[in-house]
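Here are a few friendly notes to read alongside the model. Please keep the picture open as you go through the points.

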Amino acid sequence: MLGRKTSTLQPGGEPVLLCSRVDQVEMPLRHGSKYYCQLLLDPHRYGLIEKLAGRENKRPTALMREMVYAALEKALPVSEYKAAEAADQAAWAESIKRRVEGRQRSKQEGGGDA
């Protein structure tokens, strides 16, 4: 589906591309407690990401996630980034806790191996 694109400049003059789906403007897709976004890259620069990811023994998507987080950390006040990072870590810990509790409940109820 075609999306709407706008761009803005962040401090330092670097462009930031903002995209949204036509049928879900302002509503990103969810995947569990995380947000799913689709990123279109030009083929030769994506090749650079694949090459770098291979050198670091990482998946290209994992490397891109790390790059986005590093850019956010650089672009925002430290306190703002650290607060978001701590909230994300707390949400992850809560997710793990619920998963463990669910497996324990399943075993207690005779659900077998979960």
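1. Helices (H or I, at least four residues) and strands (E, at least two) are DSSP runs, numbered from the N terminus. This is a predicted model, where local features need pLDDT of at least 70, side-chain atom pairs count only at pLDDT 80 or more, and totals for chains, interfaces and linings use all residues. Residues are numbered from 1 along each chain as its sequence is written, and side-chain values use heavy atoms, with hydrogens and water left out.

2. The protein has 3 helices and 4 strands, in the order β-β-β-β-α-α-α from the N terminus.

3. Buried residues (under 20% relative accessible area; exposed is over 50%, partly exposed in between; 1.4 Å probe, protein chains only) make up 7% of the 114 residues.

4. Now for the salt bridges, each a side-chain nitrogen of Lys or Arg within 4 Å of a carboxyl oxygen of Asp or Glu. The count is 6. In helix α3 (residues 78-108), Lys 82 and Glu 85 lie 3 residues apart, about one turn of the helix, and they form a salt bridge with their closest N and O atoms 3.5 Å apart. Lys 82 is partly exposed, at 39% relative accessibility, and Glu 85 is partly exposed too, at 29%.

5. Arg 45 and Asp 42 also form a salt bridge (2.7 Å, N to O). Is Arg 45 buried or exposed? Arg 45 counts as exposed because its relative accessibility is 57%, while Asp 42, at 47%, is partly exposed.

6. Which residues does a salt-bridge network link? Glu 56, Lys 58 and Glu 66 are linked in one.
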